[in-house]
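Colleague: I am new to this structure and would like to know how some of its labels were reached. Could you take me through them?

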Amino acid sequence: MADADAIVVGAGLAGLVATAELAAAGRRVVLVDQEPESNLGGQAYWSFGGLFLVDSPEQRRLGIRDSYELAMQDWLGSAGFDRGIDDPGGEDHWARRWAEEYVQFAAGEKRGWLHRMGVRWFPVVGWAERGGYLADGHGNSVPRFHVTWGTGPALVAPFARRVREAVGRGLVELRFRHRVDELTVTAGAVDGVRGTVLEPSDAARGVATSRTEVGGFALTAPVVVVTSGGIGANHDLVRENWPERLGPAPRRMITGVPAYVDGRMLGIGERAGGRIVNRDRMWHYTEGIRNWDPIWPGHGIRILPGPSSLWFDALGRRFPAPNFPGFDTLGTLKAIGDTGFDHSWFVLTQKIVEKEFALSGSEQNPDLTGKDVRLTLNRVRPGAPGPVDAFLRNGADFVVADTLPALVDGMNQRTDEPLLDLADLRRQIVARDREMANPYTKDLQVAAIHNARRYIGDRVSRTAAPHRILDRSAGPLIAVRLNILTRKTLGGLQTDLDGRVLRADGTPLPGLYAAGEVAGFGGGGVHGYRSLEGTFLGGCLFSGRRTGRAVAAATA
């Protein structure tokens, strides 16, 4: 007799959503995860909670005119699907179809569905990944980044609650410290999992846990749903799959996800007969800083920058358009790789850091995470936010100085050898500062600052008033050494619109489904080459929901 109607592998957001949907349909589910219960919710718990929504009430209140058509134009311009869209066997065939469905979801029932579960959003909509190309190119034409009030934990909470309620009803069984090592296959169909029981752990959330084995286990079910995440903490896999178009893989990276994001289930799914597509598509950030108070190995934090910081490569050369802060993540990643170095620099002022620096992660935003209105209001008052100020004081990648010579000296002390020339850096900064005399300019970054401030959300809380970098009244000067921060897998197990994992010949592998990052957030790569941001959590929600409902129907 089967142990359940379905086995879900991975207790992150996609796994919780799929399990909740299955339980809502009356199905019996065993949810397994290699980590202790303290990690319920996975990577989503650590997130800023940003969600891609289209034509939302929050947008309309701010005067933003958005539509499904505009969002789809932006999505396709960013994705650049080019691998067999019209060929059922093409790597982008299902990804393209998932993209259409997801943008419809984001423009339709996504907000209402979450709102009914108690999810709310910060009223100022962020403008992430602005692009900087033509209208049909990469980037968001309008602000769409909706920060969940309560950040990642508040987005995980309703699904964790639904799953725990289903445990109480006897529909869901949670098995933590159960690591899946194999998908069992009988007569060509996946019918269960086999793996290792790891020793109990009382480690805090996100802290690396032991891999000491204390036993084995086997479970059977007519359906297995893999929701195990990507490869972000496995630097060997990141380098192995690094795309040639971005240049050589970085020699040194920091890690934006806990150690358990190891990519194991991708290989296990492939060995069972599933097809992995778009292996070379991934999403890593260029604004990473080493966490002065780390939780997991190599722990890095991403700066969520406004548009004003000057961005220089390791040799002190300003990046050309559109490689500005917050515009084109992968374009800037390639530009950094082309220099032959693994780091770059922001140069800015105290005035900019106070208005424009936010840090990704629920733990770096205690005001939003704690739903503290009074503390959140400090974001529009003088002074850097508390977590940002802590990095200014303690962060190994930060330099603060009253003069440019002292700043450059500090920057050169943070590399193995001095790479920056004071005179050349001064020349470029002075040239940019001269462009501040008029409200119009040929410097496209300065023009972008003026454009940003035409949006009330940026003017109030995200973009500093234009000023000269060397204006002493705006100081002190600040430099930040930026590292490559690993984060997301954009490819993965190829799935159809029901979440069924496909084989190399394009037919479904009976019994196996996948959702979330392990499936490229749907279809093996719903984002194509680039993300518009706010779409990773949304991709877990949408693919987890759609797959959970499809499995419920298949096991009726």
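Colleague: How do you know that strand β6 and strand β7 pair?

Modeller: In this predicted model, β6 (residues 178–186) and β7 (residues 189–198) are joined by eight bridges in the antiparallel sense. Pairing requires at least two bridges, so the two strands count as paired. Val 185 belongs to this pattern, with Val 190 in β7 as its bridge partner.

Colleague: What lies between β6 and β7 in the hairpin?

Modeller: Two residues separate the strands. Ala 187, in the turn, has a positive phi of about 55°.

Colleague: Where is Arg 27 found, and why is it said to have no salt bridge?

Modeller: Arg 27 sits in the loop between α1 (13–24) and β2 (29–33). Its nearest side chain of opposite charge, Asp 5, is 5.3 Å away. A salt bridge has to be within 4 Å, so Arg 27 has none, although it is buried.

Colleague: What makes Asp 5 a contact of Arg 27?

Modeller: Contact is judged on heavy atoms within 4.5 Å, and Asp 5 is listed on that basis. The list, which leaves aside neighbours within four places in sequence, also includes Leu 22, Leu 171 and Ala 556.

Colleague: Why is the approach of Arg 27 to Thr 555 called a polar contact?

Modeller: The two side chains are 3.1 Å apart, and the limit is 3.5 Å, so the pair qualifies on distance. A polar atom of the Arg 27 side chain also lies 2.8 Å from the backbone oxygen of Ala 552.

Definitions and conventions
Residues numbered from 1 in each chain as written. Predicted model: local features only at pLDDT ≥ 70, side-chain atom pairs only at ≥ 80, totals over all residues. Heavy atoms only, no water. Helix = DSSP H or I, 4+ residues; strand = E, 2+ residues; numbered from the N terminus. Buried < 20%, exposed > 50% of the residue type's maximum accessible area, 1.4 Å probe, protein only. Lys, Arg positive; Asp, Glu negative; His and termini not counted. Polar contact = N/O pair within 3.5 Å; in protein donor to acceptor, adjacent residues only side chain to side chain.
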